Amino acid sequence: MKILKVYQAYFSPTGNTERIVKGIGKAFADYAMKDLDLTDKEERAKEHKFRDSDLLIIGAPIYGSRLPAAVTTALEKFSGVNTPAIIITSYGNNAIGDALLELKKCLSDKGFTVVGAGYFSAQHTYLKELGRHRPDAEDMKEIEEFGKEARECLKLMVHYDVGPLNIPGVYPYARQPMGPLPFTVDTTQACFYCNLCVTKCPIGAISEMNPKEIDHDRCIRCGACMIVCPAQAKYFKGDGYESIQKKLSANVDKRMPNWYQVGKGNK
């Protein structure tokens, strides 16, 4: 495959998925490159058309075993022409579900040829001790190696001989897309109305007039507002949050693996 331009696309409220996508992208640093930050609702609203000489590297976090609804909606506006794609999902050191398979199906239905796929562990949004600091240096080394292997395979591939990938997951999907969660986001008095959370909320759930006002029906509990808040004024609140933390804590001492596959090779 002849690649002329590389696109790095990611939905990454906490920044971890972006790091993984760009870690893979390092192998293509000598190509013309463009970022598509799908965390930005305005970027998601755009039409994105790709050629067969483009390469799409795209990643999203796993939300309740599936892709975030914001991602599947954005992918409806993507279109390719046998465009090669490397797909990844990040998971909170817990369970991988069907999200990677879902991402492959979404893109295949839109004219993309998936040439590589992987899932990688990242620090969990709801329990920092779960996968703390991941992707760490060891993970990034593996992620960058994935990129290098993908580049080498792309040199030898043509669109009609890309072998099937053994992507984990089941279809029809085992679970419905993640629905409302039994806790909310609240704001302490430390808030000084800088409105950074307003601009960074991927769903637009925080009031521009008063950043302490949050539309809990729209909020997806992604944690973006907490990451960006200079006063650390945003936090998860509710008995449901404590219950989820307790359930997740069973895996705190486990270092869950990464996985990737390129073309006809496997690791």
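Tyr126 and Tyr241 are both buried in this predicted model. Their rings also form a pair: the centres lie 6.4 Å apart and the planes stand at 90 degrees, so the arrangement is edge-to-face. This pair joins distant parts of the chain, since Tyr126 sits in the loop between strand E7 (112-121) and helix H5, while Tyr241 belongs to helix H8 (residues 239-248), 115 residues apart. Phe146 and Tyr260 are both buried. The structure holds 15 aromatic pairs. Elsewhere, one aromatic cluster is made up of Tyr7, Phe50, Phe78 and Phe112.

Phe146 leads on to the packing of helices, for this residue of H5 is among those that meet helix H1. Helix H1 (residues 16-25) and helix H5 (residues 137-156) pack with their axes 7 Å apart, at an angle of about 45 degrees. That angle makes H1 oblique to H5, and the crossing of the two helices is right-handed. On the H1 side, the contact is formed by Arg19, Ile20, Gly23 and Ile24; on the H5 side, these residues meet Met140, Ile143, Glu144, Phe146 and Gly147.

How many of the 10 residues of H1 are buried? The count is 7, and the helix is mostly covered. The buried residues are Asn16, Thr17, Ile20, Val21, Gly23, Ile24 and Gly25. Helix H5 is one of the elements they pack against, and the others are strand E1 (5-10), strand E2 (32-37), strand E4 (54-61), strand E6 (83-91) and E7.

Of its 10 residues, 7 are buried, so H4 is largely enclosed by the rest of the structure. These buried positions are Ala99, Leu100, Leu101, Glu102, Leu103, Cys106 and Leu107. Their cover includes strands E4, E6, E7 and E10, together with helix H3 (69-75).

Two individual residues round out the picture. Leaving aside residues up to four places away in sequence, Glu43 touches Leu36, Asp37, Leu38 and His48. Thr199, by contrast, is exposed: its relative accessible area is 56%, over the 50% cut-off. This residue lies in helix H6 (residues 196-200). The C-alpha atoms of Thr199 and Val228 are separated by 9.7 Å, and the two residues are 29 residues apart along the chain.

Methods
Residues are numbered from 1 along each chain as its sequence is written. This is a predicted model: local features need pLDDT of at least 70, side-chain atom pairs count only at pLDDT 80 or more; totals for chains, interfaces and linings use all residues. Side-chain values use heavy atoms; hydrogens and water are left out. Axes are lines fitted to C-alpha atoms, for helices over the stretch in contact, and angles run from 0 to 180 degrees between N-to-C directions. Helices (H or I, at least four residues) and strands (E, at least two) are DSSP runs, numbered from the N terminus. Angles under 35 degrees count as roughly parallel, over 145 as roughly antiparallel, 65 to 115 as roughly perpendicular and the rest as oblique. A crossing is left-handed if the near helix is turned anticlockwise from the far one by less than a right angle, and right-handed if clockwise. Contact means heavy atoms within 4.5 Å. Rings of Phe, Tyr and Trp (its six-membered ring) pair if their centres lie within 6.5 Å; planes under 30 degrees apart count as stacked, over 60 as edge-to-face and the rest as tilted. Buried means under 20% relative accessible area, exposed over 50%, partly exposed in between (1.4 Å probe, protein chains only).
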